[in-house]
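Dear colleague,

I am handing over the structure below.

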Amino acid sequence: MEATQNDEEALKNLPNADGTSSAATQQPLSKRAQKKLLKQEKYEAKKAEKKAQAKEQKKRDIERKRKDWEETLASVPEEERSKLIESRKSLRKERMEKRSEEREMKIERLTKAKLCGQNIIIDLEFSHLMTPSEINSLVQQIMYCYAVNGRCTNPGHLWLTGLAGEMGSQLQRLPGFDKWIIEKENRSYIEVLQDQKENLVYLTADSETVLVELDPRRMYIIGGLVDRNRWKGITMKKAQEQGIQTAKLPIGNYLKMASSQVLTVNQVTEILLKFLETKDWKASFFQVIPQRKRCETDKEEDHQEVNGEENQETDDQFDAKRQCIEHIS
């Protein structure tokens, strides 16, 4: 969505250095911005329709499998039927035990990460600048961040700060959110981590400092804001007013973006997590950044060097990735 106010007007709504929010009211959207918003709403409606269709298809598949199972049992002798039933029970028990073991291992990894993992903070103080659909989008991104972190062999120590307001309300409604092994703070990170201020680093594409390595002593902050085009420079301005360091991912050193280098919260989080595992920025970028955001030459290189592996963050795949949320609690 195109910016509808200049940066100066946008920054009037920026949270203050002490973590509080300004009372300034958003200006009405321009006609072009309204068209963009309408397009987004239509996309969300289509997405919801596809989700409903997939749900119905899943129900039909379950019903078909149930009938097939009943027909199979009816077509064999009693003795064979008992063996089939016992075999199925045994397989189900094995699956449940495996899931339980995986869940315990995940809890162990995340608990350890809270003690010595790389600190990654998602700043949620911008909910007053977003529309309901944008807030919903951010909630989904955070769900995915937690799920991806839980699957990592070397997970990070995730923080959600500024949980007060609509974002906090939406997240609290998520099933199992109270069981997430993650830091949850209603207060601003600047207030919670005042004694760690010298180690805070806000990740923003507007910074002149390029991030070379992840320092385990640093606490990297990701701005929880959807549609940054409407609020250009807002995270950089916030960091400067708070007197904390800033840095940007070294994207330009490894690939050319087709448009802006601004990525979603879950993309930035996943890139950081990938780097923690691989210590390779290029591999992390090519595995996470959607092909649609890259120039053609980088797409071709991705095909050659990553053996045609599909990128993990296209719009059409996002719903599929949400299935991993079933395993986050």
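**What was found**

Of the 329 residues in the chain, 42% are buried, meaning under 20% relative accessible area with a 1.4 Å probe, protein chains only. The model is predicted, so to read the values note that local features need pLDDT of at least 70, side-chain atom pairs count only at pLDDT 80 or more, and totals for chains, interfaces and linings use all residues. Residues are numbered from 1 along each chain as its sequence is written, and side-chain values use heavy atoms, with hydrogens and water left out.

The accessible surface of the chain is about 18,600 Å², 48% of it from carbon and sulfur atoms (Shrake-Rupley method, 1.4 Å probe). Contacts (heavy atoms within 4.5 Å) between residues at least 6 apart in sequence join residues at least 24 apart in 72% of cases.

There are eleven helices and six strands in the chain; these are DSSP runs numbered from the N terminus, helices being H or I of at least four residues and strands E of at least two. The six strands make an open, parallel sheet ordered β3-β2-β1-β5-β4-β6, where pairing requires at least two DSSP bridges.

Strand β4 (residues 200-203) runs parallel to β6 and is joined to it by three bridges. L203 has A247 in β6 as its bridge partner. Helix α8 (residues 265-278) packs on the sheet and touches β1 (119-123), β2 (157-161), β4 and β5 (219-223). The direction of α8 makes about 155° with that of β5.

Regards

Terms used. Axes fitted to C-alpha atoms, helices over the stretch in contact; angles between N-to-C directions. Buried < 20%, exposed > 50% of the residue type's maximum accessible area, 1.4 Å probe, protein only.
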